[in-house]
Amino acid sequence: QVQLVESGGGLVQAGGSLRLSCAASGSIFGITAMGWYRQAPGKQRELVATISNDGITNLADSVKGRFTISRDNAKNTVYLQMNSLKPEDTAVYFCNALQLSPFGAKGYWGQGTQVTVSS
């Protein structure tokens, strides 16, 4: 099993910045892509950004130019730097990790961290 623990959420004014962290622990062998998703009230969970274990990134169009995803493989941690935050970025942000094994692929989720951007 893989455990993901997020931190760094909070309340910030529009235009501000936050940095989210997600640390993976447990049976982490085989983890490949990690990423961030978010879910606003009444909306479906959506992809924000992903990063492969060799650093290839993918960001949603809505956050390109404002958010940056990075990871420290030595610390088994993925980060999301969020700049120029907008009220529409308000959501619960979830960390995700994909683990590959001879038995197949399995995804893991963190418990989520609230990000609130005030106007």
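Student: Which residue does the disulfide join to cysteine 22?

Tutor: This is a predicted model, and its count of disulfides comes to 1. The S to S distance in this disulfide is 2.0 Å, which falls within the cut-off of 2.5 Å for a pair of cysteine sulfur atoms. The residue joined to cysteine 22 is cysteine 95.

Student: How many residues apart are the two cysteines of this pair, cysteine 22 and cysteine 95?

Tutor: Cysteine 22 belongs to strand β3 (residues 18–26), while cysteine 95 belongs to strand β9.

Student: Is the disulfide of cysteine 22 and cysteine 95 left-handed or right-handed?

Tutor: What decides this is the torsion about the S-S bond of cysteine 22 and cysteine 95, which is about -80°. With that torsion, the disulfide is left-handed.

Student: Is cysteine 95 buried or exposed?

Tutor: Buried residues have under 20% relative accessible area, and cysteine 22, with 0% relative accessibility, counts as buried. For cysteine 95 the relative accessibility is 0%, so this residue counts as buried.

Student: Turning to the rings, what kind of pair do tyrosine 37 and tryptophan 109 form?

Tutor: The count of aromatic pairs comes to 2. In the pair of tyrosine 37 and tryptophan 109, the ring centres are 5.0 Å apart and the planes stand at 70°. Planes over 60 degrees apart count as edge-to-face, so the pair of tyrosine 37 and tryptophan 109 is edge-to-face.

Student: Where in the chain does tryptophan 109 lie?

Tutor: Tyrosine 37 lies in strand β4 (residues 31–39), and its partner tryptophan 109 is 72 residues apart from it, which makes this a link between distant parts of the chain. The strand that holds tryptophan 109 covers residues 104–109 and is strand β10.

Student: At what angle do the planes of phenylalanine 94 and tryptophan 109 stand?

Tutor: The ring centres of phenylalanine 94 and tryptophan 109 are 6.5 Å apart, and the pair is edge-to-face. Phenylalanine 94 is in strand β9 (residues 91–101), 15 residues apart from tryptophan 109 in strand β10. The planes of phenylalanine 94 and tryptophan 109 stand at 90°.

Student: Which residue lies over the face of phenylalanine 94?

Tutor: Tyr37, Phe94 and Trp109 form one aromatic cluster. Over the face of tryptophan 109, at 4.6 Å from the ring centre, lies arginine 45. Over the face of phenylalanine 94, at 3.7 Å from the ring centre, lies arginine 45.

Student: How many residues of strand β8 are buried?

Tutor: Strand β8 runs antiparallel to β3, with 6 bridges joining them, and strand β7 (residues 67–72) also pairs with β8 in the antiparallel sense over 6 bridges. Strand β8 spans residues 77–82 and is largely enclosed by the rest of the structure. Of its 6 residues, the number buried is 5.

Student: How many residues does the largest nonpolar core have?

Tutor: Among the residues with the most contacts inside this core are Leu80 and Met82. The elements that give two or more residues to the core include β3, β4, β8 and β9. Methionine 82 touches residues including Leu20, Phe67 and Tyr93, not counting residues up to four places away in sequence. The size of the largest nonpolar core is 30 residues.

Key
Residues are numbered from 1 along each chain as its sequence is written. This is a predicted model: local features need pLDDT of at least 70, side-chain atom pairs count only at pLDDT 80 or more; totals for chains, interfaces and linings use all residues. Side-chain values use heavy atoms; hydrogens and water are left out. Rings of Phe, Tyr and Trp (its six-membered ring) pair if their centres lie within 6.5 Å; planes under 30 degrees apart count as stacked, over 60 as edge-to-face and the rest as tilted. Helices (H or I, at least four residues) and strands (E, at least two) are DSSP runs, numbered from the N terminus. A charge sits over a ring if NZ of Lys or CZ of Arg is within 6 Å of the ring centre and within 35 degrees of the ring normal. Buried means under 20% relative accessible area, exposed over 50%, partly exposed in between (1.4 Å probe, protein chains only). Two strands pair if DSSP finds at least two bridges between them. A nonpolar core is a set of buried Ala, Val, Leu, Ile, Met, Phe, Trp, Tyr and Cys residues joined through side-chain atoms within 4.5 Å. Contact means heavy atoms within 4.5 Å.
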